[in-house]
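Have a look at the model first, then read on.

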Amino acid sequence: VVVVSTDMKEIGQEVNSLRFHRDSLTDVTYCPALQKGASIGDHFVKVFDLSELAKMSEQRSEKFELENEFGALTRVESTSDGQILTVSSKNGYLYAFLTKMPVLDAAAPRSIPAGKDLVEACKAGNREK
């Protein structure tokens, strides 16, 4: 990934660059809502923060390995709100990653649910229907 300046004083100059994939880069996407980018290649997905392009680094990114998909990842796309990142592969698999937790304030205004509480809340919500 190469960041190039579009400022008139330094147009075309490289601001930052990182190599996220060793053998292949297949697809890239950008989510304006979260100011994050994602790329796929080799056998993994890389999600990186683009809010401060000059500070973009390996430490400010996340890597999701898909061991059985070496060279088979084809497309990456995120929802408009950035909550779900989806990756497809030539092997017929579709991977969906939850990248941002939805706001739960309306359901629990004075508490912060833990992982187990979220499962219980979903079970309880299904029983009420």
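Two strands count as paired if DSSP finds at least two bridges between them. Strands themselves are DSSP runs of E with at least two residues, numbered from the N terminus. By that rule, S4 and S5 (residues 44-49) run antiparallel and are joined by six bridges. Keep in mind that this is a predicted model: local features need pLDDT of at least 70 and side-chain atom pairs count only at pLDDT 80 or more, while totals for chains, interfaces and linings use all residues. Residues are numbered from 1 along each chain as its sequence is written, and side-chain values use heavy atoms, with hydrogens and water left out.

**The four-stranded sheet**

- S3, S4, S5 and S6 make an open sheet in the order S3-S4-S5-S6, with antiparallel pairing.
- S3 and S6 sit at the edges with a single partner strand each, so one side of each has no neighbour in the sheet.
- The twist from one strand to the next averages 15° (axes are lines fitted to C-alpha atoms, and angles run from 0 to 180 degrees between N-to-C directions).

**The three-stranded sheet**

- Another open sheet has three strands in the order S7-S8-S9, and its pairing is antiparallel.
- Which strands stand at the edges here? S7 and S9 (94-98) do, each with a single partner strand, so one side of each is left without a neighbour in the sheet.
- Neighbouring strands of this sheet are turned by 15° against each other on average, direction ignored.
- S7 (residues 73-78) and S8 (residues 84-89) run antiparallel and are joined by five bridges.
- The S7 and S8 hairpin has five residues between its strands, and Gly82 in the turn has a positive phi of about 80°.
- S8 and S9 also pair in the antiparallel sense, over five bridges, and Ser88 has Leu94 in S9 as its bridge partner.
- The hairpin of S8 and S9 has four residues between the strands, and Gly92 takes a positive phi near 90° there.

**The largest pocket**

- A pocket is an open set of points on a 1 Å grid over the protein atoms alone, where a 1.4 Å probe fits and protein lies on both sides within 12 Å along at least five of seven lines; lining residues have an atom within 4 Å of a point.
- The largest pocket has a volume of about 160 Å³ (the space filled by probe spheres set on the points, which are joined across faces, edges and corners).
- Its lining has 13 residues, and Leu34, Lys36, Val47, Gly82 and Thr99 lie nearest the centre.
- Strands S3 (27-31), S4 (36-41) and S6 (61-65) are the elements that give two or more residues to this lining.
- S4 gives the largest share of the lining, three residues.
- By class, the lining has six nonpolar, five polar and two charged residues (Ala, Val, Leu, Ile, Met, Phe, Trp, Tyr, Cys and Pro count as nonpolar, Asp, Glu, Lys and Arg as charged, and the others, Gly among them, as polar).

**A charge over a ring**

- Lys63 lies over the face of Phe44, 4.3 Å from the ring centre (the cut-offs are NZ of Lys or CZ of Arg within 6 Å of the ring centre and within 35 degrees of the ring normal).
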